[in-house]
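I opened this structure to look up its cavities and whatever lines them. Here are my notes, in the order I made them.

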Amino acid sequence: MSAKEINARVFRFDPSGDTEPRFDSFKVPVIKNMAVLDVVMHIQNYIDKTLAFRCSCRIGMCGSCAMYINGRPRLACRTQVSALGGSEITIMPLPNLPIIRDLATDMEPFFQKWKKIKPYYVGGGELEDPAVIRPDSGERECIDQMLDCITCGCCYGACSMVATNEDYLGPAALNRAYTLIADKRDAIRVERLKTVGRSYGVWRCHAQFNCAEVCPKKLVPTKSIQQLKKRSFLQKLGVFK
Ligand code: SF4
Ligand code: SF4
Ligand code: FES
């Protein structure tokens, strides 16, 4: 193999016909600034058209290209081949989700949980004017770091509690719930807190930060979950309004 080639070991599985998954190896020429997404695109364009994967924006915005690359959930479009080191890359589908085919996972369980926390703001009544949120208010600042989720599922794929409890809401949905519960204008904060305080909610989190370690947007869902635990406790005592 020439120095300008990489060996890509790619997970293959078609649930409609295969009984076992396998790895296929492909030699791919390395070009300057090549991302792992370019590697799988090269394979699909020039070597094996049947390789299945998902992508859209190619700039780390849509969250659709999350894969398990060299043993860690990452966005394929934002992972440079040169940054991985070595002459071989192992590419697998994101863990903790059903496989549609090869590297394409079914995000339905992830979004079902997202749906469970009602991921949208619910206002308390008709406002004549738009609500004013002062940029320098402390309340606004407290969720600043938590707003940029692109629903890629990397955290979900890294969470050992999702792996062992299929009902656990998981880091992304809980992070989103916190951004809404932290907003005093939200009319269903108590209902949301009851949802996240159930057996499949915040108390499952063991706070080991696996989710934060892999988040491509540098969010720290563990922190949001710790905040939710505090509020859930207060709500159970009847002192959260
Ligand atoms: S800190 Fe909590 S949510 Fe994050 S990976 Fe660990 S168990 Fe999952
Ligand atoms: S919290 Fe981070 S890793 Fe999890 S879905 Fe959102 S952007 Fe992706
Ligand atoms: S293709 Fe959109 S985040 Fe990678």
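Before counting who lines what, I noted that helices (H or I, at least four residues) and strands (E, at least two) are DSSP runs, numbered from the N terminus. Helix 7 gives the most to the lining of the largest cavity, namely 3 residues.

The model is predicted, so I kept in mind that local features need pLDDT of at least 70, side-chain atom pairs count only at pLDDT 80 or more, and totals for chains, interfaces and linings use all residues. Residues are numbered from 1 along each chain as its sequence is written, ligands are numbered from 1 in the order in which they are written, and side-chain values use heavy atoms, without hydrogens and water.

I then checked what a cavity is: on a 1 Å grid over the protein atoms alone, a set of points where a 1.4 Å probe fits but cannot get out, with lining residues having an atom within 4 Å of a point. Volume is the space filled by probe spheres set on the points, which are joined across faces, edges and corners.

I found 2 cavities of 30 Å³ or more. The largest cavity comes to about 110 Å³. It is lined by 15 residues, and Cys149, Cys152, Cys155, Ala172 and Cys215 are the closest to its centre.

Which ligand sits in the largest cavity? I looked, and ligand 2 does (more than half of its atoms lie within 2 Å of the grid points).

The second largest cavity has a volume of about 90 Å³. Among its 14 lining residues, I noted Cys159, Cys205, His206, Asn210 and Cys211 as the closest to its centre.

Technical notes:
1 Å grid on protein atoms, 1.4 Å probe; cavity = no way out; pocket = protein on both sides within 12 Å on 5 of 7 lines; lining within 4 Å.
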